Amino acid sequence: MAGNEVRRILLIGFRATGKSTVGRILARKLGWDFVDLDDYVEEKAGKSIREMVEEGGWEAFRKKEREALREFSPRERLVLALGGGAVRHREEMEILRDGALVVWLCARPETILRRLSADPRTQTQRPSLTGRSWEEEVVELLREREPLYRHFADLALCTDALSPEEIARKILEELKPRITLE
């Protein structure tokens, strides 16, 4: 983490690791704003991620995602849940992480797959990135992204066996010496 004082919390990690759920809990406990970056991009575009990808490919969505990351760089008192691939935008991530605590929420592939299959948005809103089966895609993308998650993270928490409340509590413990609560 750059600097001592935390002005933002960034939650990074693969789909279905708990970023949005944990982010809402953290924001509520801190009295900060919460934004799910994927939801923000969809709202701003007036289209779902699936529609953006069908119309312009993944690069069209990634361009909008990159623009949104830039928009949030000056924001403070914010918990921001990033999309799983947002860490690919290295330049924006470096800027955004200044004054932020970056928390990597990780989970085993089996846990991710179980959660994805239980989430109705998986099929309707989240198109495949690779065109492969969910099992192959999760393993491949985790292998590709883990070095980026590791690079940006100040704290890594495995969410396989923890409730969202327990995860939020662990993050708040990490924050205590680095945050001024009003």
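Mentor: The discussion below takes up helices, their packing and some loop residues. Please keep in mind that this is a predicted model.

Trainee: Let us start with helix 8. How many residues does helix 8 have, and what span does it reach?

Mentor: One compares the end-to-end distance of a helix with the span expected at 1.5 Å a residue. Helix 8, residues 164-175, has 12 residues, and from its first C-alpha to its last it reaches 16 Å, close to the expected 16 Å.

Trainee: Which residues of helix 8 are buried?

Mentor: Buried means under 20% relative accessible area. In helix 8 the residues concerned are Ile167, Ala168, Ile171 and Leu175. They cover an arc of only 100° around the axis, so they lie on the same side of helix 8.

Trainee: I turn to packing. At what angle do helix 2 and helix 3 pack?

Mentor: Angles of 65 to 115 degrees count as roughly perpendicular. Helix 2 (residues 37-45) packs with helix 3 (residues 49-72) at about 110°, their axes being 9 Å apart. Helix 2 is therefore roughly perpendicular to helix 3.

Trainee: Is the crossing of helix 2 and helix 3 left-handed or right-handed, and which residues meet there?

Mentor: The crossing of helix 2 and helix 3 is right-handed. From helix 2, the residues include Leu37, Tyr40, Val41 and Lys44. Among those they meet in helix 3 are Ile49, Met52, Phe61, Leu69 and Phe72.

Trainee: Now the loops. Where is Ala16, and what is its phi?

Mentor: Here one looks for a positive phi in a residue other than glycine. Ala16 has phi near 65° and sits in the loop between strand 1 and helix 1. With 25% relative accessibility, Ala16 counts as partly exposed.

Trainee: What is the phi of Arg77, and where is Arg77 placed?

Mentor: Phi of Arg77 is near 55°, again positive in a residue other than glycine. Arg77 belongs to the loop between helix 3 and strand 3 (78-81). Its relative accessible area is 31%, so Arg77 is partly exposed.

Trainee: Is His89 buried or exposed, and which residues does His89 touch?

Mentor: His89, in the loop between strand 3 and helix 4 (90-96), has a relative accessible area of 5% and is therefore buried. Leaving aside residues up to four places away in sequence, His89 touches Arg62, Glu65, Arg66 and Leu69.

Definitions and conventions:
Residues are numbered from 1 along each chain as its sequence is written. This is a predicted model: local features need pLDDT of at least 70, side-chain atom pairs count only at pLDDT 80 or more; totals for chains, interfaces and linings use all residues. Side-chain values use heavy atoms; hydrogens and water are left out. Helices (H or I, at least four residues) and strands (E, at least two) are DSSP runs, numbered from the N terminus. The expected span of a helix is 1.5 Å times one less than its number of residues. Buried means under 20% relative accessible area, exposed over 50%, partly exposed in between (1.4 Å probe, protein chains only). The arc is that of the directions from the helix axis to the C-beta atoms. Axes are lines fitted to C-alpha atoms, for helices over the stretch in contact, and angles run from 0 to 180 degrees between N-to-C directions. Angles under 35 degrees count as roughly parallel, over 145 as roughly antiparallel, 65 to 115 as roughly perpendicular and the rest as oblique. A crossing is left-handed if the near helix is turned anticlockwise from the far one by less than a right angle, and right-handed if clockwise. Contact means heavy atoms within 4.5 Å.
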